[in-house]
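The entries follow in the order in which I made them.

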Amino acid sequence: MTNGKIGRRFFEERIRPNLGAERDDVTLGPAHGCDFGVIRQGDAAERGDYATVVATDPISMLPELGAARAGRFALHIALSDVAVSGIAPSHLSIAFSLPTDVDDGTFGEFWTGIHAECNRLGVAVVTGHTARYPGASLPWVGAATVLGVGDPDRIVRPDGAQPGDKLVVTRGPAVEATGLFASLYPDALAARGLDAETVATAAERLDDVQLVEDALAVATVGEEHAGHEVGEEHADPVDDGTSAVHAMHDATEGGLLGAFHETAGASGVRFEVERSAVPRAAGVGPVCEALEMDPWTATTSGTLLVSVAPDAADAVVERLRNRGTPAAQVGEVHEGTGVAIDGEETSPPDGDASWGVYAELSGSE
């Protein structure tokens, strides 16, 4: 295996056949390219049906960012995988296996950053584990499980992209990798010819690694169009409780190209994308060029990919832009398989472009 997330083949051969007991209440289990699982619960006759959306992610700790900022950054990586379901993250379970040289003050500030952001977003910490262990090392210090509870009929499935949909992308490629490297290694970027203003602008991209509110804002857009055929006139829209947003995905490891392939593959459809339509955040281009890093395959958590019914796509873009989030329609969904960019077939990325750069900059090669 390469560093980072496992590929589809490994998942299908080693993971999918071995998923423990089969339970009827698991309505969406592990699948390659899917950010979350779903447990359906409740007694409709007594208290109404509800579903719990669940996602688990590793937790990083990068004190160089400032401990509180590092906590917020780590938290949002975990929260995003539930938010793309359209159900708000509400509960957090988190476990830390800390290196022995992480002092109480540093961890206290890190935890304060997590607490403050959870408090702002209405997320309760319900259980966890915190300890120091010999052999543990930064930056990977544990894992978090996030839950969201809501109406099962309101869940936006990660494998729900449909032929005819429009594709909307926020922020653009490599915002996470750019923000991290500019924040952690400004001197290395200066040595590669970038001026201080460009590096500072690029470092701001780390604050873009927050898509919880973007995802929740668009999850219900277009409900008034649901149930109508494309192009059908309807002067009196009817809300039938079904979102016109059919799939959402956080473009993490493998970058935006990986997100396209994961969502198209999970949905059994074909994506056709126009490269020039994709948003580009300030600072990303110069940093990627200086580091010789492919922005399209570099991790970019915070960039949201949305597959939406065509008559609601403009509304999705408008709502995102009204929130101050750059967004654009970048392509369409068709029958078939694969991902074409500007008419050329692409392959899923073999790993993440940021891993080698991180190894070089951190001296861990």
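Entry one, an aspartate. In this predicted model I looked up the accessibility of Asp-352 and found a relative accessible area of 10%, which is under the 20% cut-off, so I list Asp-352 as buried. I placed Asp-352 in the loop that runs between β13 (344-345) and α11 (353-362). Setting aside neighbours within four places in sequence, I noted that the contacts of Asp-352 include Thr-252, Glu-253, Gly-255, Thr-297 and Ala-298.

I compared the length of α3 (residues 104-121) with expectation: its 18 residues should span 26 Å at 1.5 Å a residue, and the end C-alpha atoms are 26 Å apart, which agrees. Its buried residues are Phe-107, Phe-110, Gly-113, Ile-114, Glu-117 and Cys-118; seen down the axis they fall within an arc of 125 degrees, so they line one face of the helix. These buried residues pack against β3 (50-60), α2 (67-83), β4 (91-98) and β5 (124-132), whereas the face turned away from them carries the exposed Asp-104 and Asn-119. At the N-terminal end I found Asp-103 as a cap, with a side-chain oxygen 3.0 Å from the backbone nitrogen of Gly-105, and just after the helix Gly-122 takes a positive phi of about 75 degrees.

The pLDDT averages 90 over the protein, and 92% of the residues score at least 70, but over residues 225-240 it is below 50. Where pLDDT is low, the predicted coordinates should not be read in detail.

Methods. Residues numbered from 1 in each chain as written. Predicted model: local features only at pLDDT ≥ 70, side-chain atom pairs only at ≥ 80, totals over all residues. Heavy atoms only, no water. Helix = DSSP H or I, 4+ residues; strand = E, 2+ residues; numbered from the N terminus. Expected span 1.5 Å × (residues − 1). Buried < 20%, exposed > 50% of the residue type's maximum accessible area, 1.4 Å probe, protein only. Arc of directions from axis to C-beta. Contact = heavy atoms within 4.5 Å. Polar contact = N/O pair within 3.5 Å; in protein donor to acceptor, adjacent residues only side chain to side chain. pLDDT = per-residue confidence, 0-100.
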